[in-house]
Amino acid sequence: MNIKETIKETYLEVVEQTGNELLVPKLIDSVVLLESGLDSLGFAILVATLDEKLEFDPFTMMDEPFYPSTFGEFVEIYEKMNPNK
Amino acid sequence: MKNLQKCIENIPSDRIAFINESHQYTYSELHKLKIQNSHLIEELKGSIIVINGRARLEFVLLLTILDSYVEKILFLPQDIEKKLHNIYYQEAHVNYEVYLEGSILKYNTINTHENKNNTEQPIYSTEWIIPTSGTTSIPKLVSHSFQSLTKSTKSDIDLGESFRWGLVFDIYRFSGIQVFLQSIVAGSTLIISNPKESMAETIKLLTKKECNALSATPSFWRKVLMTKESDKLSLKRITLGGEISDNNILQALKKKYPHAKISHIYASTEVGVGFSVSDEKEGFPKEYLTGKLKNIKMKISSDGLLWISPSDKGQKYLSHDKMYDEDGYINTGDLVEERDGRVYFLGRDSGAINVGGNKVQPEEVETKLLSTGLLNAAYVYAIKNPMMGSLVCADVVLNDKSMDKKEAKFQILKYCREHMEGFKVPAIIKFVKELQTTQSGKLKRVNK
């Protein structure tokens, strides 16, 4: 499974785990994160769970803080910072 | 004056006092050991001694022959960092390190003391200096008198004959000392386990030596229940202490050992024995706060902390740090909550996890996790998170190892969401084979 697929799968798991609901019909690149159904705690859990699965956390590796606003940007950060590529 | 020597004088001499895998000592043999070493005991009279990291059986022998002859005894457990030894030696003004070679008492001199050399028998009310468990910080030394340590110990020698206590706590710590005292003051037998042995081996020893009374932490009991050997234990007294006892473990023990009297005890090195609860339910009745107990008074401060005032205030910090408030109460550092006529423990004040500004008590989450009925043990801790500061993480041990992890996680989280606020629900759940415990038998809490 590539990173994007892993993120998608984990995203849906966390939505379920936190008792939230996906507020968009489909997780596509243009989906605005804060309107997708996860709150800030949910995002924190998503990043922590991805850290467990992928064994890296791009947000702690970045020199300058960057906050993604869309799902596409979120995935891009993981792809860019992936130490195993 | 009450002291250990006086207590054991009246015990029938053929009873076994201590037994481990390979050795045993009757009460008369303890007396012999003392006579055999009387010359050296005389030299040590009135001094301050330390027992530093010696084996458990050796420790109880030293304590038994030297109490009432020396002024103070410092207990230094094996898990105390070496770099702290000198600090503690100075704080306690230690004169000698004592140990046994076979049955011969020996000592190393740290600082000589002035031997008062009284030919008459000077009997000291020896101070026992016990380090706190120091789960979250550097252990402090607390000095106790025999009086304060035994205020709730049962001393019926006739009744004591039928009890065989298992020692699984660290003998150098308050909880282990309590088991030792309960056994020896009533003339019972103390079965001493080896801390290096596995749980299965420990239970085998206790079974072989016919242990019928056992005091341990809830974490320890959960491990006991996971062993096949636990079926063979025949217990009539079960006590839990050192950590929060939840309904789950109390019920599991009741089911396994239906004939045992089960109680959980609230005690700390500072407070001494606070109280015990025998109704087999978690927490304690609210009436305990309003003068129902003889030996102690309790209050809950506005920030939810439990404060206890022991009637006997023999205990103090060796460092002269303040232990009591103006009204004689000690801050236990335990957060409690009153609900429906009962008081429940939430966890340690110092151990809270901060999730985006919300405080979470790990013990509260652990109790909830255990009440799912799916888990044998749970350990909740913080992991750092750039967005929330910290997140709640849980290591858990499944009751049924073959259960599908995904399904287990789903059910656990569903239960947690229904019973707790969202920020308290574990963000990460890891399934592990077993959880680490400290020498005191408590869950090992590591700051990650």
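The domain assignment divides chain B of this predicted model into domain 1 (4-334) and domain 2 (352-431), with bounds that come from an automatic or database domain assignment. Taken over C-alpha atoms, the centres of domain 1 and domain 2 of chain B are separated by 34 Å. The model is predicted, and local features need pLDDT of at least 70, side-chain atom pairs count only at pLDDT 80 or more, while totals for chains, interfaces and linings use all residues. Residues are numbered from 1 along each chain as its sequence is written, and chains are lettered from A and ligands numbered from 1 in the order in which they are written.

**Contact between the domains of chain B**

- Seven residues of domain 1 of chain B are in contact with six residues of domain 2 of chain B (contact: C-beta atoms, placed from the backbone, within 7 Å).
- On the domain 1 side, the elements that give two or more residues are α10 (218-226) and α11 (247-256) of chain B (helices, H or I, of at least four residues and strands, E, of at least two are DSSP runs, numbered from the N terminus).
- α10(B) gives the most to this side of domain 1, with three residues.
- By class, this side of domain 1 has two nonpolar, three polar and two charged residues (Ala, Val, Leu, Ile, Met, Phe, Trp, Tyr, Cys and Pro count as nonpolar, Asp, Glu, Lys and Arg as charged, and the others, Gly among them, as polar).

**The seven-stranded sheet of chain B**

- An open sheet of seven strands has the order β6-β5-β3-β4-β7-β8-β18 in chain B, with mixed pairing (two strands pair if DSSP finds at least two bridges between them).
- β6 (104-109) and β18 (316-317) of chain B are the edge strands, each with a single partner strand, so one side of each has no neighbour in the sheet.
- β18(B) pairs with strand β8 (residues 141-144) of chain B in the antiparallel sense over two bridges, and Y317(B) in β18(B) is the bridge partner of V142(B).
- Helix α4 (residues 56-66) of chain B packs on the sheet, where it touches β3 (48-52), β4 (72-76) and β5 (96-101) of chain B, and its direction makes about 115 degrees with that of β5(B) (axes are lines fitted to C-alpha atoms, for helices over the stretch in contact, and angles run from 0 to 180 degrees between N-to-C directions).
- Helix α5 (residues 82-92) of chain B lies across β3, β4, β7 (127-131) and β8 of chain B and runs at about 165 degrees to β4(B).

**Strands β12 and β13 of chain B**

- Strand β12 (residues 237-241) of chain B pairs with β13(B) in the parallel sense over five bridges, and R237(B) stands opposite K261(B) in β13(B).

**Chain A against chain B**

- 13 residues of chain B are in contact with 14 residues of chain A.
- On the chain B side, β23 (375-385) and α13 (405-419) each supply at least two residues.
- The chain B side has nine nonpolar, three polar and one charged residues.
- β23(B) is mostly covered, with eight of its 11 residues buried.
- β23(B) runs antiparallel to strand β24 (residues 389-398) of chain B, and 10 bridges join them; L375(B) has L398(B) in β24(B) as its bridge partner.
- The two strands, β23(B) and β24(B), form a hairpin with three residues between them.
- Helix α2 (residues 40-54) of chain A has 15 residues and reaches 21 Å from its first C-alpha to its last, close to the 21 Å expected at 1.5 Å a residue (expected span: 1.5 Å times one less than the number of residues).
- Buried residues in α2(A) include L41(A), F43(A), I45(A), L46(A) and V47(A).
- The cover over the buried residues of α2(A) includes α1 (3-17) and α3 (58-61) of chain A together with β23, β24 and β25 (428-431) of chain B.

**Positive phi**

- Most residues other than glycine have a negative phi.
- S68(B), which is not a glycine, has a positive phi of about 80 degrees; S68(B) is in the loop between α4 and β4 of chain B and is buried, with 21 other C-beta atoms within 10 Å.
- E280(B) has a positive phi near 60 degrees; E280(B) is in the loop between β14 (272-277) and β15 (284-285) of chain B and counts as partly exposed, with 15 C-beta neighbours inside 10 Å.

Note on methods. Contact = placed C-beta atoms within 7 Å. Buried ≥ 20, exposed ≤ 12 C-beta atoms within 10 Å, placed from the backbone.
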